[in-house]
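Please read this report alongside the sequence and the coordinates.

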Amino acid sequence: MRVESVQSISAVPPERWRAVEPRDFPFFDHEFLLALERSGSVGRGTGWSPVYLLCTGEEDDLLGALCAYVKTDSYGEYIFDWEWAHAYSRNGLPYYPKLTFAVPFTPATGPKLLLRGGLSRELASRVRDALLDAGRQVGEAVGVSSTHALFLPESEVEEFEDRGFALRHSMQFHWRNRGYEEFGDYLGALQSKRRRQILRERRQLDGDLRIERLTGEALDRRHAHAMYRFYLDTSDRKWGSPYLTGEFFEEVFETMADRILLVAASNGSGPGGMLAGALNFFKGDALFGRYWGTVEDRRNLHFELCYYQQTEFCIEHGLSLFEAGAQGEHKLARGFLPTTTYSAHRIHHPAFRRAIEEYIEEERRIVSANIAYYLRHDPFKSASA
């Protein structure tokens, strides 16, 4: 068993990478990673330099992989450590480069230690150890200040803690399917106040709008161009600088159409009439909301395009989980419950490690208190919660 590194996913044939692609997480699919690279969204000048670690067996079969990025800033991570960087700077120390195990620009929970299916428990453990050892060696070779694993699944938390990573808690609002057969079943599980609110918001949509859920062959390049336009508009209003390029949208709409759900609002015919859209990715048992935007402000349009249509889609297709992205306590009233998300951090400087671990411990208490507060305002009937 050995671990090698490559700087581009194009060095790994897609059929070889398929062995380690997660079942319910589309963002480590070969097509997604390749689109990030070929579009220039990651790579030189972006702050994200990829290093793919590949663990192979005696027959040169791919047993596992770890997607790492050497970072020269903290943009596009959604787990904020800017203050840590400022503290380093105030003390005359460099915080960058750092090493990050994550999906660029994607605050979604998914595995970081990608394993081939069917491995024995012993072999799986050896592969994970080999990948994490290789990650440490990459960090040492580059001279990073720290290593970060973002949006870990709970099943991987112990693996990182055992290696000296400090566990950081954050919070998102996730929707879970409780066996609903139709949207009315979901509404029926809500308290009457919240049920009436959702019905009212859907009734109040402008009557001239056509709402469509598009996936697969229904998507084409014009939809990609429209979604990129919406993405830029939202970036201008919220983030200030877009991370993704138009070429990224074109490529994923072509290569991942079977894993894309575009919820589109239009008042004309065809993609040219689109005035708003929400881009989602789905795979296996999960749906992930990623980007939304509009060129016209319409009452309640955001709720319809970003939450209600996706909820219906999950119920119709039997999906269990809908992650609608970061932040947004307004999601609570619409059936999204507070959920702990995890990241792991290993700080190499002893004094800063102690200070940051103390900060993380206090932050965990705050997150726990916030989740408890929101759960006291659970929108579901007590028998359904």
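Predicted model: local features only at pLDDT ≥ 70, side-chain atom pairs only at ≥ 80, totals over all residues.

## Domains and their interface

The protein chain is divided into domain 1, which takes in residues 2-171 together with 341-375, and domain 2, which covers residues 178-319. Between the C-alpha centres of domain 1 and domain 2 the separation is 29 Å.

Across the boundary, 25 residues of domain 1 are in contact with 19 residues of domain 2. The size of an interface is often given as the accessible area lost when the parts come together. For domain 1 and domain 2 that buried area is about 1,800 Å², with carbon and sulfur atoms giving 62% of it. On the side of domain 1, Pro-26, Glu-31 and Phe-105 supply 25% of the area buried against domain 2, which is more than any other three residues.

## Helices α2 and α9

Two packed helices are described by the angle between their axes and the distance between the axes. For helix α2 (residues 30-38) and helix α9 (residues 246-255), the angle is about 155 degrees and the axes are 9 Å apart. Because angles over 145 degrees count as roughly antiparallel, α2 is roughly antiparallel to α9.

The crossing in which α2 passes α9 is right-handed. From α2 the contact draws on Glu-31, Phe-32, Leu-34, Ala-35, Leu-36 and Arg-38, while α9 contributes Phe-248, Glu-251, Val-252 and Thr-255. Sorted by class, the residues in this contact of α2 with α9 are six nonpolar, one polar and three charged.

## Helices α3 and α11

Helix α3 (residues 82-90) and helix α11 (residues 350-375) have axes that come within 12 Å and cross at roughly 150 degrees. That angle makes α3 roughly antiparallel to α11, and the crossing of α3 past α11 is right-handed.

Trp-84, Ala-87 and Tyr-88 of α3 make the contact with Phe-352, Ile-356, Tyr-359 and Ile-360 of α11. In terms of class, the contact of α3 with α11 holds seven nonpolar residues, with no polar and no charged ones.

## Helices α7 and α10

The crossing of α7 and α10 is left-handed.

Here Ile-198, Glu-201 and Arg-202 in α7 meet Phe-303, Glu-304, Tyr-308, Gln-309 and Glu-312 in α10. The contact of α7 with α10 comprises, by class, three nonpolar, one polar and four charged residues.

## Backbone geometry in two loops

Two backbone details complete the account. Tyr-96 and Pro-97 are joined by a cis peptide bond, for which omega is about 10 degrees. Pro-97 is found in the loop between α3 and β4 (98-101).

Phe-105 has a positive phi of about 60 degrees although this residue is not a glycine, and Phe-105 has its place in the loop between β4 and β5 (113-115). Phe-105 is also one of the three residues that together supply 25% of the area domain 1 buries against domain 2.

How values were computed:
Residues numbered from 1 in each chain as written. Heavy atoms only, no water. Axes fitted to C-alpha atoms, helices over the stretch in contact; angles between N-to-C directions. Helix = DSSP H or I, 4+ residues; strand = E, 2+ residues; numbered from the N terminus. Parallel < 35°, antiparallel > 145°, perpendicular 65-115°, else oblique. Left-handed = near helix turned anticlockwise from the far one by under 90°. Contact = heavy atoms within 4.5 Å. Nonpolar A, V, L, I, M, F, W, Y, C, P; charged D, E, K, R; others polar. Domains from an automatic or database assignment. Buried area = accessible area lost by both parts, 1.4 Å probe.
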